[in-house]
Amino acid sequence: MINLILFGKPGSGKGTQAEFIKKKYDLIHISTGDVFRYNISKQTDLGLLAKSYMEKGDLVPDNVTIQMLEAEVNKTPNAKGFIFDGFPRTTLQAEMLDEFLNSKNLSISMIIALEVDENILIDRLINRGKASGRADDQDRSKIQNRFEEYNKKTSTLINYYKSQNKFFEIEGIGEIDEISQRLFNVIDLIIRSHQMTDKNVVIDIGLASDLLSKCIKVYNYKNLDDFELFSGIITTTEFM
Ligand code: AMP
């Protein structure tokens with residue numbers, strides 16, 4: 001089972017890329033932003049509550065968001081895995097997600113961040129807002145507030161997942177299918193690394209072989225037995 005978190009600032013392409021990943025790996029895509037927007041359109045209690053926060057570009061309170069996420073996961077008990085898009089966004093959400101998955105004997109397999117400069121994101125969001133009518137994408141001060149929320153509350157998750165050796169990042173700029181391919185490379189590599197029982201065979205596998213030999217030369221790694229090695233390769237863009 002693959003449980004993948006797609007990470008990145010608003011507009012970094014998480015939703016777009018989640019659709020490709022979902023098809024290729026047969027996963028369930030849960031976007032908390034989309035669930036909130038659906039509830040707003042249906043004028044449910046949850047929607048009315050979320051609306052006041054979303055309109056300002058603030059995060060919806062943790063307790064509401066966590067409960068909603070758990071309910072979404074519980075809707076598909078036979079899923080092959082999940083793509084979490086826009087969740088978690090705070091340390092408490094990440095801790096609660098770990099606890100929740102753990103109670104089902106599941107865990108997060110990886111978190112992949114799409115790296116895009118804020119100036120590019122502002123243009124992307126404004127254009128997206130024109131096409132979709134999304135209010136929080138059309139107003140620069142709301143966009144700025146969303147970036148501030150990310151920098152204050154969400155970016156700390158990078159260290160949370162780095163400490164579990166689950167954090168990877170890729171460049172989120174370029175053609176959409178180029179970016180998908182970068183994501184697939186990382187996902188495939190991690191799936192393979194999870195499948196390996198004898199860690200010394202790592203050098204024999206396709207893409208990893210190439211990346212690892214470079215890594216061994218550059219970083220003078222002698223020992224092929226740690227998952228951190230993958231993390232080191234993937235987070236270093238020169239190897240992508
Ligand atoms: P998004 O579509 O992911 O950009 O989310 C749009 C808005 O929904 C955010 O600006 C928040 O107000 C709210 N939201 C989405 N996901 C979360 C979350 N995990 N925690 C709190 N608020 C969220």
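## Starting from leucine 97

Skip the neighbours within four places in sequence, and leucine 97 is in contact (heavy atoms within 4.5 Å) with Ile5, Leu69, Phe84, Phe87, Pro88, Ile108 and Tyr161. Before going further, a word on what you're looking at: this is a predicted model, where local features need pLDDT of at least 70, side-chain atom pairs count only at pLDDT 80 or more, and totals for chains, interfaces and linings use all residues. Residues are numbered from 1 along each chain as its sequence is written, and side-chain values use heavy atoms, with hydrogens and water left out.

Leu97 belongs to the largest nonpolar core, a group of 23 residues in which Phe7, Phe84, Leu97 and Tyr161 touch the most other members. A nonpolar core here is a set of buried Ala, Val, Leu, Ile, Met, Phe, Trp, Tyr and Cys residues joined through side-chain atoms within 4.5 Å. Buried means under 20% relative accessible area, exposed means over 50%, and partly exposed is in between (1.4 Å probe, protein chains only).

Which elements supply at least two residues each of this core? They are strand S1 (2-7), helix H4 (62-74), strand S3 (81-85), helix H5 (91-102), strand S4 (110-115) and helix H8 (157-162). These labels are DSSP runs numbered from the N terminus: helices are H or I with at least four residues, strands are E with at least two. There's also a second, separate core of 19 residues, which includes Ile2, Leu6, Met110 and Ile170. In soluble globular proteins, nonpolar side chains tend to be buried together.

## How H4 meets H5

H4 and H5 pack at an angle of about 30°, and their axes are 10 Å apart. The axes are lines fitted to C-alpha atoms, for helices over the stretch in contact, and angles run from 0 to 180 degrees between N-to-C directions.

On the H4 side, the contact is made by Asp62, Thr65, Ile66, Leu69, Glu70, Val73 and Asn74, while H5 brings Leu92, Gln93, Met96, Leu97 and Phe100. Sorted by class, that gives 7 nonpolar, 3 polar and 2 charged residues. For this sorting, Ala, Val, Leu, Ile, Met, Phe, Trp, Tyr, Cys and Pro count as nonpolar, Asp, Glu, Lys and Arg as charged, and the others, Gly among them, as polar.

Most residues other than glycine have a negative phi, and most peptide bonds are trans. Phe87 and Pro88, however, are joined by a cis peptide bond, with omega about -5°. Pro88 sits in the loop between S3 and H5.

Asp26 isn't a glycine, yet has a positive phi of about 55°. You'll find Asp26 in the loop between helix H1 (14-25) and strand S2 (28-31), partly exposed at 45% relative accessible area. Asn165 also has a positive phi of about 55° without being a glycine. That residue is in the loop between H8 and strand S5 (167-171), and at 23% relative accessibility Asn165 counts as partly exposed.

Beyond four places in sequence, Glu149 is in contact with Gly57, Asp58, Leu59 and Thr154.

Leaving out residues up to four places away, Gln144 touches Glu118 and Ile122. The C-alpha atoms of Gln144 and Gly57 are 8.4 Å apart, though 87 residues separate them along the chain.
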